[in-house]
Amino acid sequence: QVQLVESGGGLVQDGGSLRLSCAASGSIFSINVMGWYRQAPGKQRELVATITSGGVTNMPDSVKGRFTISRDNAKNTVYLQMSSLKPDDTAVYYCYALIRVNMRYESPYWGQGTQVTVSS
């Protein structure tokens with residue numbers, strides 16, 4: 001069984017910073033993509049950032065220059081450093097990972113979500 005456990009959310013003022021962490025554990029053969037999505041009240045879940053095992057990143061323009069995604073492959077952990085936070089960044093942030101539990105099967109996994117609230 002695979003688990004993704006997030007930490008690091010909280011309340012921060014406009015312009016502040018937060019760092020999210022997500023560690024994958026369990027029966028893991030390899031992890032291809034890890035990343036973060038977010039969902040604000042009344043809105044659809046949206047991409048925040050992803051990173052491959054080789055370090056290739058993807059993120060929308062709305063967070064480029066403010067957010068940095070990184071990964072420690074040895075620890076199966078992904079990080080999201082968020083700076084210059086805005087009230088529009090307020091959402092539940094979900095960790096995501098595309099994991100192989102053996103050589104044959106690859107499946108998406110999600111964390112339980114962590115709340116990030118940016119006050120104006």
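Let's start with a strand pairing: E9 (residues 91-100) runs antiparallel to E11, with three bridges between them. Keep in mind that this is a predicted model.

- E11 itself covers residues 114-119, with Thr114, Val116 and Val118 on its covered face and Gln115, Thr117 and Ser119 on the uncovered one.

**The nonpolar core**
- The largest nonpolar core counts 29 residues, and Trp36, Phe67, Ile69, Val78, Leu80, Met82 and Tyr93 have the most contacts inside it.
- Elements giving two or more residues to this core include strand E3 (18-26), strand E4 (30-39), E9 and E11.
- E9 supplies the largest share of this core, five residues.
- Setting aside neighbours within four places in sequence, Phe67 touches residues including Arg38, Val48, Met59, Leu80, Met82 and Tyr93.

**The disulfide**
- There's one disulfide by the rule used here, and it joins Cys22 and Cys95, with the sulfur atoms 2.0 Å apart.
- The link of Cys22 and Cys95 is left-handed, at -85° about the S-S bond.
- Cys22 sits in strand E3 and Cys95 in strand E9, so the bond ties together parts 73 residues apart in sequence.
- Cys22 is buried at 0% relative accessible area, and Cys95 is also buried, at 0% relative accessibility.

Conventions
Residues are numbered from 1 along each chain as its sequence is written. This is a predicted model: local features need pLDDT of at least 70, side-chain atom pairs count only at pLDDT 80 or more; totals for chains, interfaces and linings use all residues. Side-chain values use heavy atoms; hydrogens and water are left out. Buried means under 20% relative accessible area, exposed over 50%, partly exposed in between (1.4 Å probe, protein chains only). Helices (H or I, at least four residues) and strands (E, at least two) are DSSP runs, numbered from the N terminus. Two strands pair if DSSP finds at least two bridges between them. A nonpolar core is a set of buried Ala, Val, Leu, Ile, Met, Phe, Trp, Tyr and Cys residues joined through side-chain atoms within 4.5 Å. Contact means heavy atoms within 4.5 Å. A disulfide is a pair of cysteine sulfur atoms within 2.5 Å.
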